[in-house]
Amino acid sequence: MSSPLPGLQVESVTGIDVSLPVAGAGARSFAFLIDWHIRLLLALGWYVAAALIYNGRLSLAPSTSEDARWFAGVLAPALAIYLLYHWVLELAMRGSTPGKRTAGVRIVARDGSAASAGALLARNAFRIIDSLPALYCVGLVTAIVTREHVRIGDMAAGTLLVYEHAEARLPAAAQAAAPPQLDPAAAELVAELLERWPSLTVESRQRLAQQLLGRYAAHDADGGEASLHERLERLLRPLPGGAR
Amino acid sequence: VSGAARRHALTASLLARAGLWQQADARARRFARGRGEDAAEVAALADDYRLLAHDLARVRTLLPESRTREFLEAAYARTHATLHHGAWRAGDALLTLLRDDIPLVVRQLAPYIAWTTLLFVLAFAGGYALVHRYPELIALFASPDLIATVERGQLWTEGLLNIVPSSVLSVQILANNIVVSLFAYCAGFLFGLGTLYILGLNGLMLGAVLAFVSQHGLRTQLLTFIVAHGCVELSVMCLSAAAGPAVAEALIRPGPAGRRESFRNAALRSGKLLIVCALLLVGAGLIEGYISPNPRVSLGVRIAVGVGYWLLMLALLSGRLFGRPARRTAL
């Protein structure tokens, strides 16, 4: 469950605004760091593999002779991977990259639609300004101080980063065929605890289960771990003969 | 019925539609990937949109901080974007940019391009005239090493490939040129003064150096070196420098949209031109690294490459390279 974030409100003909939570400097930095590692490793990987093949021995030394094969096969692809990573992937992945996907963010236009190709390419052209004087200082500072957490490239291209919630799933309680006996908000809490059950420590899940059972079920909250789980599951089942 | 019971009943009846929400979300995802062409499905998507809007409004009130709301917000946003803007196809988006957007930007920036080109030509002529009349002024524009080399009757480009391989030279040149172009563009934000300075200085230097090498009988060699890459490189410099003042004007005279919005529109418009400039400079860098310093390449080939690449640039900027008709007839 997430608290509402400051976001982009897009007007709709239905009268219900589309709400897109804007990603902050933290999510941006996280996405960028992942992407930077990916492109660096890919470019280095290509260079090392291609240089070893080109040299035919255990050497990464660049060619000193006038050989176009060195440029076309070793240097240019490695540079292309490193320099064109954002340009190509953002176009191909509809304003996303592996790093952005991991951070759960995506580039959109200011009307909430997918950013155009021109906007995606323009925001990348402005990276040279955002990266000044070093370590993306300009971009980071503008992302922190602006209301919509945008860097110069985003300002110029009319884009911003929003949380995508691509994997947002309905809680089990909402997907149940019949309405549960609990208040839906409480049912969500119980369903979420059951979903996270395997990833929690025994102490944590016992404590949380007892709290929820104590609050929503008039049963004895004592008992073994298995029975706590069973009782939580029972809470989510419809009452016998309950009307829809 | 108590308020709580009523609220509970409303929420329960709302959640009973969860299956419909999931279907709507799946449909929107399918369309967003361009995998839905059926007219009935499109009509269903429009119905989904209304359903999601209605239910989201209720969930915002009944379950304001819940995962159900999070799911519905995402599904509604996705359906809204798909319905209003269609599927995203990277190839189509790129084609639209190159065939339609870039020529439009070039037409819009035509007055700026004309002015910056004129400025560059005047500065070039000024630099040439200055050094032609007062040869000692070359010290203001060129390094002592360059002056000494030319005075020995050699060009600084001779034997360049003996020092740096073509591959490294190309990368150095294209990276440097792209940075200079972006800098010229950004300098234009300073109310056009930066452009005036950078273009003026570059024009003066080029004119001065050409006059200086002419005095030492090296003009043909220099032009032979420049012709293959210079046509596009100099044109791109004027193009990128023209984009900067366009943004500056949006800041000075923002119009009814406001300064921020005008800046955004102008920067996006001119940013598209910069992308083409960067692409062209990559090609120019490769030519400058592989063809220009290579003494085995004849003058005829150099001219063919230079003129051919320049014509390619024109075709790219006019959109004809990607099938844009030469003239559009009004309907």
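Me: Where in chain A does Leu135(A) lie?
Reply: Leu135(A) sits in the loop between α5 and α6 of chain A. Helices here are DSSP runs of H or I with at least four residues, strands are runs of E with at least two, and both are numbered from the N terminus. The model is predicted: local features need pLDDT of at least 70, side-chain atom pairs count only at pLDDT 80 or more, and totals for chains, interfaces and linings use all residues. Residues are numbered from 1 along each chain as its sequence is written, chains are lettered from A and ligands numbered from 1 in the order in which they are written, and side-chain values use heavy atoms, with hydrogens and water left out.

Me: Why is Leu135(A) called exposed?
Reply: Its relative accessibility is 80%. Exposed means over 50% relative accessible area, buried means under 20%, and partly exposed is in between (1.4 Å probe, protein chains only). So Leu135(A) counts as exposed.

Me: What is phi of Leu135(A)?
Reply: Phi is near 55 degrees. That is a positive value in a residue other than glycine.

Me: What else is in that loop?
Reply: Pro133(A) is found in the loop between α5 and α6 (137-145) too. A cis peptide bond joins Leu132(A) and Pro133(A), with omega about -15 degrees.

Me: What makes His149(A) partly exposed?
Reply: Its relative accessible area is 22%, so His149(A) is partly exposed. His149(A) is found in the loop between α6 and α7 of chain A. Its phi is positive, about 50 degrees, although the residue is not a glycine.

Me: Why is His80(B) called buried?
Reply: His80(B) has 5% relative accessibility, and therefore counts as buried. The residue lies in helix α4 (residues 67-85) of chain B.

Me: Which residues does His80(B) touch?
Reply: Not counting residues up to four places away in sequence, they are Val10(A), Glu11(A), Ser12(A), Val18(A) and Tyr49(B). Contact means heavy atoms within 4.5 Å.

Me: How many residues does each chain bring to the contact?
Reply: Chain A gives 69 residues and chain B gives 55 residues. About 5100 Å² is buried between them, and carbon and sulfur atoms give 66% of that. Buried area is the accessible area (1.4 Å probe) that two parts lose on being put together, summed over both.

Me: Which element supplies the largest share of the side of chain A that touches chain B?
Reply: Here are the polar links, then the elements. Six residue pairs are in polar contact between chain A and chain B, both at pLDDT 80 or more. The largest share of the side of chain A that touches chain B comes from α2(A), with eight residues.

Me: Is Cys238(B) buried or exposed?
Reply: Its relative accessible area is 6%, so Cys238(B) is buried. Cys137(A) has 37%, so that residue is partly exposed.

Me: How many helices and strands does chain A have?
Reply: Chain A has 11 helices and four strands. Of its 244 residues, 45% are buried.

Definitions and conventions:
A polar contact is a pair of N or O atoms within 3.5 Å; within protein, one must be able to donate a hydrogen and the other to accept it, and residues adjacent in sequence count only if both atoms are side-chain atoms.
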